[in-house]
Amino acid sequence: MAENSTTTNSAGATASGSGTAALPSSAAQAAKPGKYLSFKLAAEEHGLEILKVQEIIGLMKITRVPTVPPFVRGVINLRGKVIPVIDLRVKFGMEAAKDDARTCVIVVQIVQGERRVTTGIIVDEVSEVLNITADQIEPAPQFGTSVSTDFILGMGKVAEKVVMLLDIDKILRPEQTKALAELVPQTDA
């Protein structure tokens, strides 16, 4: 007969009898239902909120900049405006890939506090715009304190695939965004 809803294991730790564990209250912002631009990095499918995407352009000549982190490919001249370009594969610790006809740049606005930086992200290919409903979104997985998943809004379940929904504003740490902003002259109001 179970009179108490808590148990103590041999190490002296207590656990509730409900069978569920509370998630940390500092969990990343949840993904919202809506439209997401999906793209591929190797075999992985990712998505960005469509409202964060300024435009999609083909790969163009990139000017390398000395002493930048390896994930910063350089800068491009986009209709008279110089913008930094990051290689998302390298940023995510994946092996760099040879550019091909499907390689493209997604131009986004990265916002951190008062800072707004127009940035290009290089992806293997853009797939499609997905309309993801609330019931298709699972919370981002938790891998413990040693692995940060703050930049993952959630996991979209679309047909038979899983699309990792990204928060573009959290992919770079604040000091990395500041370094990108310093690469180009400030022309935005």
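Modeller: Two strands pair if DSSP finds at least two bridges between them, and strands (E, at least two residues) and helices (H or I, at least four) are DSSP runs, numbered from the N terminus. This is a predicted model, in which local features need pLDDT of at least 70 and side-chain atom pairs count only at pLDDT 80 or more, while totals for chains, interfaces and linings use all residues. Residues are numbered from 1 along each chain as its sequence is written, and side-chain values use heavy atoms, with hydrogens and water left out.

Colleague: Which residue in the turn between strand 8 and strand 9 has a positive phi?

Modeller: Strand 8 (residues 104-112) pairs with strand 9 in the antiparallel sense over 9 bridges. The two strands form a hairpin with 2 residues between them, and the turn residue with a positive phi, of about 65°, is G113.

Colleague: Is A159 buried or exposed?

Modeller: A159 is found in the loop between strand 12 (152-158) and strand 13 (161-166), and its phi is positive, about 55°, although it is not a glycine. Buried means under 20% relative accessible area, exposed over 50%, and partly exposed in between (1.4 Å probe, protein chains only). Because its relative accessibility is 75%, A159 counts as exposed.
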